[in-house]
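Colleague: I'd like a close look at one part of this model, with the cut-offs spelled out as you go. Here it is on the screen.

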Amino acid sequence: MVKLSALWRITAALAWPGLVGIASACRCVEPIAPSPAYRHATTVVQGRVEGVKLNAADQSATATITITAAWKQAVPATIEVFTDTNCAYPFETGREYVLFLLKDRPLAGYVTGRCMGNQPANQADTVLRWLRRNGAVRDVLPKP
């Protein structure tokens with residue numbers, strides 16, 4: 001049965017190459033335009049990564065981010081953003097980003113990934129111009 005299973009996987013890979021990539025790699029069109037990224041996100045923030053906790057067991061990470069600007073929804077001055085699997089966003093401590101986030105109710109935090117339109121702030125001039133013209137600016141809430 002093992003040989004049949006391996007043979008089936010090889011046949012599937014040759015016959016349907018697109019299907020193999022779906023399960024094993026993150027594929028998205030980058031960069032995503034600001035308008036659809038904004039529509040899809042619960043909130044958009046600009047902020048600096050203060051630290052990243054990696055979980056090697058499931059390839060996830062949680063970044064602690066100090067927020068300097070927010071659009072769509074008010075956010076606390078410091079938030080945690082979760083990202084995981086092969087589409088995890090590659091946060092770097094000390095770097096500033098523009099992030100398109102989804103609110104994750106079970107985790108009571110925010111989630112993002114590679115295909116959501118995120119960019120390092122120093123490469124996000126077009127996105128920031130679009131947000132300043134079209135985005136709904138919201139408060140960054142003080143720390144309790």
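Where is aspartate 58 found? Start there, please, and then follow the chain into the strands on either side.

Modeller: Some ground rules before the tour. This is a predicted model, in which local features need pLDDT of at least 70 and side-chain atom pairs count only at pLDDT 80 or more, while totals for chains, interfaces and linings use all residues. Residues are numbered from 1 along each chain as its sequence is written, and side-chain values use heavy atoms, with hydrogens and water left out.

Now to your question: aspartate 58 is in the loop between strand 1 and strand 2. With a relative accessible area of 38%, aspartate 58 is partly exposed; buried means under 20%, exposed means over 50%, and partly exposed is in between (1.4 Å probe, protein chains only). Its C-alpha atom is separated by 6.8 Å from that of threonine 85, which is 27 residues away along the chain.

Glutamine 59 sits in that loop too, between strand 1 (43-55) and strand 2 (60-71). Its relative accessible area is 54%, so glutamine 59 is exposed. Most residues other than glycine have a negative phi.

On to the strands themselves. Strand 1 and strand 2 run antiparallel and are joined by 11 bridges; two strands count as paired if DSSP finds at least two bridges between them. In this pairing, valine 49 stands opposite isoleucine 65 of strand 2. Strand 2 is largely enclosed by the rest of the structure, because 9 of its 12 residues are buried.

Strand 2 has other partners as well. It pairs with strand 4 in the antiparallel sense over 6 bridges, with alanine 61 opposite threonine 83. It also pairs antiparallel with strand 8 (residues 137-138) over 2 bridges, where arginine 138 is the bridge partner of alanine 70.

Strand 4 (residues 78-83) shows two faces: Ile79, Val81 and Thr83 are covered, while Thr78, Glu80 and Phe82 are uncovered.

Lysine 72 is in the loop between strand 2 and strand 3 (75-76), and its phi is positive, about 80°, although it is not a glycine. At 25% relative accessibility it counts as partly exposed. Its charged end sits over the ring of tyrosine 38, 4.9 Å from the centre; the rule asks for NZ of Lys or CZ of Arg within 6 Å of the ring centre and within 35 degrees of the ring normal. Lysine 103 does likewise over tyrosine 110, at 4.6 Å from the ring centre.

So what do these strands pack into? The largest nonpolar core has 15 residues, of which Ile65, Ile79, Phe91 and Leu99 touch the most other members. Strand 1, strand 2, strand 4 and strand 5 (96-104) each give two or more residues to this core, and the largest share, 4 residues, comes from strand 2. A core here is a set of buried Ala, Val, Leu, Ile, Met, Phe, Trp, Tyr and Cys residues joined through side-chain atoms within 4.5 Å.

Leucine 99 touches, among others, Val44, Ile65, Tyr89 and Phe91, leaving aside residues up to four places away in sequence; contact means heavy atoms within 4.5 Å. A second, separate core of 14 residues includes Ala37, Ala69, Phe100 and Leu131.

Last, the rings. Rings of Phe, Tyr and Trp (its six-membered ring) pair if their centres lie within 6.5 Å, with planes under 30 degrees apart called stacked, over 60 edge-to-face, and the rest tilted. By this rule there are 4 aromatic pairs. One of them is tyrosine 89 with tyrosine 97, edge-to-face at 5.5 Å centre to centre and 85° between the planes. Another is phenylalanine 91 with tyrosine 97, also edge-to-face, at 5.8 Å and 85°. Phenylalanine 91 and tyrosine 97 are both buried, and Tyr89, Phe91 and Tyr97 form one aromatic cluster.
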